[in-house]
Amino acid sequence: MTVRCSDVTVESLPGTAKQGRGIVLLERLGGWGHDVLDGTVLGQETAAALKKQVESVGYGFQFIRKPEIHSFLRDAPSVYVVRFAPSPRIVRTTVTCAEDILDIDLADPQGVEVTQPMGLVCTHGKRDMCCAIKGRPLAKALDDRLGGEAIWETSHNKGHRFAPVFQLLPWGYSYGRLNVEAAYAALTSPTLFVPQLRGRSIYGPAEQVAEVAIASQVPIAPGELELVDARGDRVCFRGRSGRYLVRLEQVHREGVVASCGKPGKAADQWVASGDGVVFLDGGADGGDGVGAVNEG
């Protein structure tokens, strides 16, 4: 019996999101290749130029398409430029070819502002079959329910061992092992949906773990928390109600399977310590917290 990497659950989810400041999404129905910018689909010259362009602003690049029977191009391919922070934003435009993206100012893209959240479901079977097997049914079910431009299949965005992998835009939150109801809740909830949350891409693993820990105890809006300080095993965020301190510790994991067919390996992960979240002070609204302790 084949053991799929996403069936191995030795890791905790928080702290595993792909890092980046934003993302460029190009609508493409054809093959995606193993790596979207390896030159096999867009050609070596165009792929290299796009890679240089997006990396210069800390962005990623992914292909997208509408799920299954809805997957067709009405006109020219759409391009979405997504900025995770500051001031999360999605801007849609169209291009005639991939090279046209090179003319887009990623720092200030012009086009149609997308005001509703979008969800990406990884279905990149060329990269790992778990995403095709588990991602495609999720993407279709969500698209059947929501329609429009809310849901897209996407190429690899890290973490196929957590398939189905879901990304909430424009804030850049990643989730793993979501079912239809949970993914729908993540898209429509006014507060940050916490179950199966891996973290926000603008932060490193420790900061991702800390934000998830805070959101699991205090209802917050997506993108509300601002990082104040991160020093090893201590991470401090500020929200509308004040500052939160999270103490972390590292745990050792054995048998982590990164991709299907690969052997298990050992890895260390950050987790919130037993002390949990400490509320440090009140915000301007004098909101209450999770234990008023002044740590200075």
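**Entry 1: I101**

I began with I101, which sits in the loop between β4 (89-94) and β5 (112-113). A reminder to myself before going on: this is a predicted model.

Is I101 buried or exposed? I found that I101 is buried, because its relative accessible area is 0%, and the cut-off for buried is under 20%. Next I looked up which residues touch I101. Leaving aside neighbours within four places in sequence, I noted contacts with V24, L26, L50, Q53, F61, V79 and V95.

**Entry 2: the whole protein**

I stepped back to see the overall picture. How many helices and strands does the protein have? I read off four helices and 14 strands. The radius of gyration is 19 Å, close to the 19 Å that the globule rule gives for 296 residues, so the protein is as compact as a globular protein of that length.

I then took the extent of the C-alpha trace, which spans about 55 × 50 × 35 Å along the principal axes. Of the 296 residues, 51% count as buried. For the surface, I wrote down an accessible area of about 13,200 Å², with 50% of it belonging to carbon and sulfur atoms.

I was curious about contacts too. Taking those between residues at least 6 apart in sequence, I saw that 66% join residues at least 24 apart. For charges, I noted 32 positive and 35 negative ones, and their mean positions are 4 Å apart.

**Entry 3: A47 in a helix**

I moved to A47, which lies in helix α1, residues 44-55. A47 is buried, because its relative accessible area is 1%, below the 20% cut-off.

Which residues does A47 contact, apart from its neighbours within four places in sequence? I listed L37, G39 and L42. I also checked A47 against V36: the two are eleven residues apart in sequence, and 8.1 Å separates their C-alpha atoms.

Where is T9 placed? T9 falls in the segment before β1 (22-27). T9 counts as exposed, because its relative accessible area is 53% and the cut-off for exposed is over 50%.

T9 and F61 are 52 residues apart along the chain, and their C-alpha atoms are separated by 28 Å.

**Entry 4: cysteines**

How many disulfides are there? I counted zero disulfides. To see why, I looked at C131. The closest cysteine sulfur to that of C131 is in C122, at 3.5 Å, and this is too far for a bond, because a disulfide needs the two sulfur atoms within 2.5 Å. C131 itself is buried, with a relative accessible area of 1%.

At 31% relative accessibility, C97 counts as partly exposed, whereas I101 is buried. C97 and K52 are 45 residues apart in sequence, with 17 Å between their C-alpha atoms.

**Entry 5: backbone details**

I finished with a look at the backbone. In the loop between β3 (78-83) and β4 I came across P86. The peptide bond leading from A85 to P86 is cis, with omega near -10 degrees. S87 belongs to the loop between β3 and β4 too, and S87 has a positive phi of about 50 degrees although it is not a glycine.

I found a cis bond elsewhere as well: the one from A163 to P164, with omega near -5 degrees. P164 lies in the loop between β7 (151-154) and β8 (165-169).

My last stop was R177, in the loop between β9 (173-176) and α3 (180-188). What is the phi of R177? I noted a positive value of about 60 degrees, although R177 is not a glycine. R177 is partly exposed, at 23% relative accessibility.

Definitions and conventions
Residues numbered from 1 in each chain as written. Predicted model: local features only at pLDDT ≥ 70, side-chain atom pairs only at ≥ 80, totals over all residues. Heavy atoms only, no water. Buried < 20%, exposed > 50% of the residue type's maximum accessible area, 1.4 Å probe, protein only. Helix = DSSP H or I, 4+ residues; strand = E, 2+ residues; numbered from the N terminus. Rg over C-alpha atoms; globule rule 2.2 N^0.38 Å. Contact = heavy atoms within 4.5 Å. Areas by Shrake-Rupley, 256 points an atom, 1.4 Å probe, with all protein chains shown as cover. Lys, Arg positive; Asp, Glu negative; His and termini not counted. Charge placed at Lys NZ, Arg CZ, Asp CG, Glu CD.
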